[in-house]
Amino acid sequence: RIDARVNPMAWWHTFRDLVASRMAAVHTLVIDNLSWLAPRVKIGLYNALSIIDPYYLEGEETPTVPLPALHTLITTTWVTGRKSRKRPSLIYLLALLMKRKNAGITLHTLRLQGGWMTGPEPWNMSMDREIMRRLSDVVVGKVVDDRRVLKGSP
């Protein structure tokens with residue numbers, strides 16, 4: 001279990017290189033409070049999910065396999081405003097899981113938790129449905145969407 005409310009600047013890069021690479025037996029990873037800061041630099045270096053990226057170095061041809069036994073990934077993300085500032089979350093997650101699958105490292109269960117403080121915009125929900133469909137194609141087992149709206153509705 002990782003609490004992602006840490007300084008995203010260099011922490012995740014260091015964690016991925018020094019710790020995640022040695023976590024060969026981890027079957028389940030829970031990332032709470034997942035932050036989706038999207039600075040103008042490469043987004044992957046600045047959030048907790050970068051620790052599962054097998055090709056995190058630009059142009060790397062041979063994957064380094066962080067968390068090779070990862071079977072279940074559970075993430076919790078809350079979107080606090082109506083603007084979809086955290087939209088890159090599912091897109092980036094999909095990209096990472098596609099990279100892992102292409103490298104021969106499959107994920108069996110993905111559980112998304114958290115959600116929205118107020119109802120998301122309808123166009124966000126249609127985009128989410130498409131990404132969720134694609135996530136279901138990439139994950140070997142099941143994708144469980146436990147996200148919810150705390151107050152209001154779309």
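Modeller: Let's start with a term: a residue counts as buried when its relative accessible area is under 20%. Keep in mind that we are reading a predicted model.

Colleague: Happy to. Is Ser89 buried or exposed, then?

Modeller: Ser89 has a relative accessible area of 14%, so with the cut-off at under 20% Ser89 is buried. You will find Ser89 in helix α2, which covers residues 88-102.

Colleague: And how far apart are Ser89 and Leu49 in sequence and in space?

Modeller: Ser89 and Leu49 are 40 residues apart along the sequence, while their C-alpha atoms lie 9.2 Å apart.

Colleague: Now to empty space. How do I find it, in general?

Modeller: Rolling a probe the size of a water molecule over the atoms shows where empty space is left. In this structure there are two cavities of 30 Å³ or more, and the second largest cavity holds about 30 Å³.

Colleague: Which residues line the second largest cavity?

Modeller: Its lining is made of Leu97, Arg100, Lys101, Ile105, Thr106, Leu107, Val138 and Val139. Helix α2 gives the most to this lining, with three residues. Sorted by class, the lining has five nonpolar, one polar and two charged residues. Val139, one of the lining residues, is also among the contacts of Thr109.

Conventions: Residues are numbered from 1 along each chain as its sequence is written. This is a predicted model: local features need pLDDT of at least 70, side-chain atom pairs count only at pLDDT 80 or more; totals for chains, interfaces and linings use all residues. Side-chain values use heavy atoms; hydrogens and water are left out. Contact means heavy atoms within 4.5 Å. Helices (H or I, at least four residues) and strands (E, at least two) are DSSP runs, numbered from the N terminus. Buried means under 20% relative accessible area, exposed over 50%, partly exposed in between (1.4 Å probe, protein chains only). On a 1 Å grid over the protein atoms alone, a cavity is a set of points where a 1.4 Å probe fits but cannot get out, and a pocket is an open set with protein on both sides within 12 Å along at least five of seven lines; lining residues have an atom within 4 Å of a point. Grid points are joined across faces, edges and corners, and a volume is the space filled by probe spheres set on the points. Ala, Val, Leu, Ile, Met, Phe, Trp, Tyr, Cys and Pro count as nonpolar, Asp, Glu, Lys and Arg as charged, and the others, Gly among them, as polar. Lists of a residue's contacts leave out its neighbours within four places in sequence.
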